[in-house]
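The sequence and structure come first, and the description follows.

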Amino acid sequence: MNRLALRAELAKLEQLLDVEAGALSYLDRVPEAQLRHLRAAISEHLFDQDRTPFRRLARIASTVPTIAPWLARLIGPLLTARIVSEMPARRAAAIATRIAPAYAAEVCVHLDPRRARDLIQQIPAHFVVDIVRAMIDRRDYPTMGRFVDFLTDEAIQAVLVAIDDEAELLRIAFHMDSKNRLDRVVRMLPTERRRRIVLLALDDQRDLLDEILTVVASVNYALKRELGNLAAEQEEAVLGRIIQRAQDNGLWGDLLPIVASLSERHQRKVANLPILRTDPAVLVSLLQAADEHALWRSILPLVEMLDEGTRDAFARAGAQLPRAAIERAAQAVLIGELWEPMFDVVRRMPADKQTEFAEVLRGLAGHDTALDARLLTRARAYGLGDALASAGFAPGMIT
């Protein structure tokens with residue numbers, strides 16, 4: 001489960017239901033995709049209620065557009081949003097630019113951008129910038145995140161130029177619905193601005209690590225590698241802070257794919273951070289997340305980059321995993337041909353866990369005699385021959 005995406009989705013659901021921040025925290029184990037479907041269903045229900053009178057008001061506003069701004073102020077932002085949703089997009093866009101940006105920002109809170117797609121794309125870029133500035137003044141990042149998916153590239157580019165504070169851009173990006181769109185937005189930024197975004201991790205007072213992790217985790221592989229490498233170039237203290245945040249907030253599922261995308265030099269640096277040796281709970285949580293998110297094929301190659309002390313710590317953490325997790329890891333090893341790092345970890349484990357691993361390996365044998373023989377040879381090289389023999393592992397055996 002992507003914990004950061006879940007947190008952003010809960011914020012948007014709380015806004016839709018008009019409840020206090022944190023009121024829905026009891027839903028923090030529900031998959032983010034299910035919460036998004038729930039939010040969409042609630043929005044559909046709210047906008048489908050009593051549509052007939054709103055359609056009538058929309059016709060009046062469209063017929064006499066000069067009264068529309070006055071009517072909007074009279075009935076308030078919620079009802080204005082309902083009426084706008086029923087108006088022709090071109091007429092609604094013409095009226096929207098006649099009201100104050102601050103009031104338009106309030107209307108957007110109650111507007112479902114999926115229903116107003118055509119309207120949004122007809123709003124002039126300069127007016128979009130004014131609305132975004134008003135939303136930033138209100139610190140209404142969830143609403144901005146909902147609308148970015150529907151803005152034109154021209155409007156987004158205008159916003160990126162006008163909003164020169166990367167921290168504000170990060171807060172908006174954190175709440176974006178479409179990660180594909182986020183990828184495109186990040187690509188619109190010059191390289192230097194992308195670098196400044198990553199360097200915000202150094203700013204303890206702003207506390208934007210979650211937002212930075214969200215951006216880096218959500219973009220495509222090439223951007224993930226670029227941004228991740230920028231982060232990995234920072235001092236060990238900064239990287240240790242990121243690791244601690246992942247540990248404290250259950251963010252390993254978000255962080256591990258980033259580590260897997262780094263260049264080998266940066267992977268080696270991150271994989272040997274002191275915190276991974278000195279805090280046993282960190283590696284246990286990391287391995288549990290690798291199992292939960294099916295990331296074994298991303299994690300096990302890192303073993304070959306670890307120094308001896310960290311390899312021993314990795315093995316101690318692995319020994320705390322249940323047999324089911326060992327079985328899933330072995331399946332990933334079989335698919336990815338990652339036997340060398342797996343054997344190196346297992347040989348450092350207590351004898352009972354070595355036996356458990358041998359039993360798991362026995363269950364995978366019998367399908368390829370040549371592979372079985374090769375595995376037995378490599379296992380013996382790592383001192384695991386007796387464990388495999390006691391488990392009855394032999395080339396060509398029938399399971």
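Which residues of H18 are buried? They are Trp252, Gly253, Asp254, Leu255, Leu256, Ile258, Val259 and Ser261. H18 is mostly covered, with 8 of its 10 residues buried. Buried stands for under 20% relative accessible area, exposed for over 50%, and partly exposed for what lies in between, with a 1.4 Å probe and protein chains only. Helices (H or I, at least four residues) and strands (E, at least two) are DSSP runs numbered from the N terminus.

The model is predicted: local features need pLDDT of at least 70, side-chain atom pairs count only at pLDDT 80 or more, and totals for chains, interfaces and linings use all residues. Residues are numbered from 1 along each chain as its sequence is written, and side-chain values use heavy atoms, with hydrogens and water left out.

**Packing of H12 and H15**

Helix H12 (residues 166-174) packs on helix H15 (residues 209-218) at an angle of about 65°, and their axes are 9 Å apart. Axes are lines fitted to C-alpha atoms, for helices over the stretch in contact, and angles run from 0 to 180 degrees between N-to-C directions. H12 passes H15 in a left-handed crossing, a term used if the near helix is turned anticlockwise from the far one by less than a right angle (right-handed if clockwise). On the H12 side the contact is made by Leu170, Arg171, Ala173 and Phe174, and on the H15 side by Asp210, Glu211, Ile212, Thr214 and Val215. Contact means heavy atoms within 4.5 Å. By class, the residues of this contact are 5 nonpolar, 1 polar and 3 charged. Ala, Val, Leu, Ile, Met, Phe, Trp, Tyr, Cys and Pro count as nonpolar, Asp, Glu, Lys and Arg as charged, and the others, Gly among them, as polar.

Asp210 is placed in helix H15 and counts as buried because its relative accessibility is 7%. Not counting residues up to four places away in sequence, Asp210 touches Leu4, Arg7, Phe174, Arg245 and Leu251. Ile212 is also in helix H15, and Ile212 counts as buried because its relative accessibility is 7%. Leaving aside neighbours within four places in sequence, Ile212 is in contact with Leu170, Ile197, Val198, Leu200 and Ala201. The C-alpha atoms of Ile212 and Val19 are separated by 26 Å, and the two residues are 193 residues apart along the chain.

**Cavities and pockets**

On a 1 Å grid over the protein atoms alone, a cavity is a set of points where a 1.4 Å probe fits but cannot get out, while a pocket is an open set with protein on both sides within 12 Å along at least five of seven lines; lining residues have an atom within 4 Å of a point. Grid points are joined across faces, edges and corners, and a volume is the space filled by probe spheres set on the points.

The structure holds 6 cavities of 30 Å³ or more.

| Space | Volume |
|---|---|
| Largest cavity | about 700 Å³ |
| Second largest cavity | about 200 Å³ |
| Largest pocket | about 590 Å³ |
| Second largest pocket | about 350 Å³ |

The largest cavity has a volume of about 700 Å³. Of the 43 residues that line the largest cavity, Cys108, Ile131, Met135, Phe147 and Leu151 are the closest to its centre. Helix H9 (residues 125-138) gives the most to this lining, with 5 residues. The lining of the largest cavity has 42 nonpolar residues, 1 polar and no charged.

The second largest cavity holds about 200 Å³ of space. Its lining has 18 residues, and the closest to its centre are Ala231, Leu239, Ile242, Leu255 and Ile258. H15, helix H16 (221-232), helix H17 (236-249) and helix H18 (252-261) each supply at least two residues of this lining, and H15 gives the most, with 4 residues. The classes here are 17 nonpolar, 1 polar and no charged.

The largest pocket is lined by 24 residues, and Leu16, Ser43, Val109, Leu111 and Arg146 lie nearest its centre. Helix H1 (3-17), helix H2 (32-48) and helix H5 (77-84) are the elements that give two or more residues to this lining. H2 provides the largest share, 6 residues. The lining of the largest pocket divides into 10 nonpolar, 4 polar and 10 charged residues.
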